[in-house]
Number of protein chains: 2
Amino acid sequence: MPRGRPQKFDEEQVLDTAAAMFRRDGYDAVSVADLCRETGLAMQSLYHRFGDKAGVYREALERFGRTANDPQIAALESSDDPLAAVEAFVRLWKRHAGASRDDGCLFTQAMSRGDRSDPEGPDVIARAFTGRVRKALNTTLRRAVAEGQLRPDCDTSAIADTLLTLAFGVAVIGRGGMPASMIDHAVAAGLDRLQQARA
Amino acid sequence: MPRGRPQKFDEEQVLDTAAAMFRRDGYDAVSVADLCRETGLAMQSLYHRFGDKAGVYREALERFGRTANDPQIAALESSDDPLAAVEAFVRLWKRHAGASRDDGCLFTQAMSRGDRSDPEGPDVIARAFTGRVRKALNTTLRRAVAEGQLRPDCDTSAIADTLLTLAFGVAVIGRGGMPASMIDHAVAAGLDRLQQARA
DNA sequence: TGATTTTTAGAGTTTTCGCTCTAAAATTTA
DNA sequence: TAAATTTTAGAGCGAAAACTCTAAAAATCA
């Protein structure tokens with residue numbers, strides 16, 4: 001049993017706050033003082049628990065890659081109507097693109113790589129994140145095939161990758177404040193791809 | 001007529017070098033000393049011409065938005081076989097994604113917004129860049145319609161936006177070192193979309 | 001109670017960075 | 001030649017940042 005005063009703060013909450021800050025402003029623009037102010041931790045607590053600023057970044061990123069977009073994945077995997085779930089996922093892009101600065105937007109933080117001592121870190125996280133969504137899409141599409149919603153001979157992994165690529169593209173477009181019609185066209189293209197594979 | 005010793009260095013070359021540095025490492029991670037070393041300019045020359053670091057960034061970004069991907073746009077607009085030109089554009093993604101860290105990769109720098117005094121700057125550039133490619137794609141597709149390669153009733157702007165969204169997505173995927181099969185699937189989806197509209 | 005550990009507050013250290021200043025040499029036009 | 005301007009070199013300044021250190025209070029368990 002551990003002795004001594006127990007840790008008071010919620011690590012996950014601290015990491016989520018930190019991830020949001022890094023994602024919004026970039027690694028270099030977030031100072032340790034900023035982190036302390038927004039998380040409520042005293043500086044010593046932060047250094048005691050995370051070692052240094054790069055440690056906070058590393059753990060925040062790791063958690064982000066492990067948990068981001070969990071609601072969407074859960075929605076895909078738990079739905080009784082797999083095809084409708086995938087369609088809902090595609091339609092969700094439009095909402096996300098509007099508020100993309102704050103919500104589930106991977107590349108923003110993956111690009112703002114700070115910590116030059118571990119240049120591969122963000123990519124590893126990006127792959128983890130992508131892998132999770134990709135897998136969920138793929139299994140959901142296969143369920144749609146099994147339930148007779150999609151043609152048995154359709155290439156579910158090709159469809160999943162196409163949708164995921166479009167999703168990344170929409171995130172970029174939304175982030176840059178580009179015309180909404182571009183997003184509409186991309187969403188329509190995603191839905192079209194599903195229609196093509198319909199049984 | 002201007003008097004005095006003329007400027008020796010090539011501004012465009014300096015800006016291209018600076019843009020590459022900002023794109024690779026991000027605004028904050030590039031110091032003025034770095035800029036001087038890699039461009040060959042003495043510090044005073046840099047401050048004399050550009051005012052400050054943000055000025056270098058601003059002008060480099062502006063030039064990037066104005067000239068990036070010029071070769072691809074020229075290839076689209078000058079081709080005698082518009083459909084083949086668009087197909088070549090799509091196939092080019094694969095090459096770009098492999099070397100995406102250095103070449104024509106917009107979002108990397110658009111995300112590494114430094115200069116908090118002008119937070120909209122990168123977005124303006126991103127829109128300019130996107131607008132140019134988008135327009136070139138659209139006009140080339142309409143030429144394909146005019147020449148009877150694509151069906152007269154096809155929605156060229158929808159196709160252009162879909163291809164552009166896929167292109168952004170491929171850039172993200174390539175940048176993160178994700179599986180090559182994802183890129184292959186995205187390229188195939190782009191070519192498929194063109195096949196659908198074939199006359 | 002005593003040992004252990006976390007918590008907080010704040011001052012201090014070292015480094016880096018953006019930028020300025022000084023000052024002189026080089027290259028142009030009038 | 002004279003005026004104007006760019007060029008280079010290097011020292012230095014003020015601010016901010018990451019991180020450390022001191023020191024003491026609080027909360028747990030044996």
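A: Asn69(A) has 19 C-beta neighbours inside 10 Å, so it counts as partly exposed. The cut-offs are these: 20 or more other C-beta atoms within 10 Å make a residue buried, 12 or fewer make it exposed, and anything in between is partly exposed, with C-beta atoms placed from the backbone. This is a predicted model, so local features need pLDDT of at least 70 and side-chain atom pairs count only at pLDDT 80 or more, while totals for chains, interfaces and linings use all residues. Residues are numbered from 1 along each chain as its sequence is written, and chains are lettered from A and ligands numbered from 1 in the order in which they are written.

Asn69(A) is not a glycine, yet its phi is positive, at about 65°. Asn69(A) sits in the loop between α4 (53–67) and α5 (70–78) of chain A. Helices (H or I, at least four residues) and strands (E, at least two) are DSSP runs, numbered from the N terminus. Now look at chain B. Asn69(B) also lies in a loop, between α4 (53–67) and α5 (70–78) of chain B. Asn69(B) has a positive phi of about 65° and is not a glycine. With 19 C-beta neighbours inside 10 Å, Asn69(B) counts as partly exposed.

How are the two chains related?

Chain A gives 33 residues to it, and chain B gives 33 residues. Two residues are in contact if their C-beta atoms, placed from the backbone, lie within 7 Å. On the side of chain A that touches chain B, the elements that give two or more residues are α7 (106–111), α8 (121–146), α9 (156–175) and α10 (180–196). The most comes from α9(A), with 11 residues. By class, this side has 17 nonpolar, 11 polar and 5 charged residues. Ala, Val, Leu, Ile, Met, Phe, Trp, Tyr, Cys and Pro count as nonpolar, Asp, Glu, Lys and Arg as charged, and the others, Gly among them, as polar.

Step back to chain A as a whole. Chain A has 10 helices and 0 strands. Of its 199 residues, 43% are buried. One of the helices is α8(A), with 26 residues. From first C-alpha to last, α8(A) reaches 38 Å, close to the 38 Å expected at 1.5 Å a residue. The expected span is 1.5 Å times one less than the number of residues. The buried residues of α8(A) include Phe129(A), Val133(A), Leu137(A) and Leu141(A). Just after α8(A), Gly148(A) takes a positive phi of about 80°.

Now the core. The largest nonpolar core has 108 residues, and Val86(A) and Val86(B) have the most contacts inside it. Such a core is a set of buried Ala, Val, Leu, Ile, Met, Phe, Trp, Tyr and Cys residues joined through C-beta atoms within 7 Å. Leaving aside neighbours within four places in sequence, the contacts of Val86(B) include Leu76(B), Leu137(B) and Leu194(B).

Val30(B) lies between α1 and α2 of chain B. Val30(B) is buried, because 21 other C-beta atoms lie within 10 Å. Beyond its neighbours within four places in sequence, Val30(B) is in contact with Met21(B), Phe22(B), Asp25(B) and Leu35(B). Met21(B) and Phe22(B) are among the buried residues of α1(B). Just after α1(B), Gly26(B) takes a positive phi of about 90°.

Finish at the DNA. There are 26 residues around DNA strand C, and Gly4(A), Arg5(A), Gln44(A), Arg5(B) and Ser31(B) come nearest. A residue is near a strand if its C-beta atom, placed from the backbone, lies within 6 Å of it. α3(A) gives the most to this surface, with 5 residues. By class, the surface near DNA strand C has 10 nonpolar, 8 polar and 8 charged residues.
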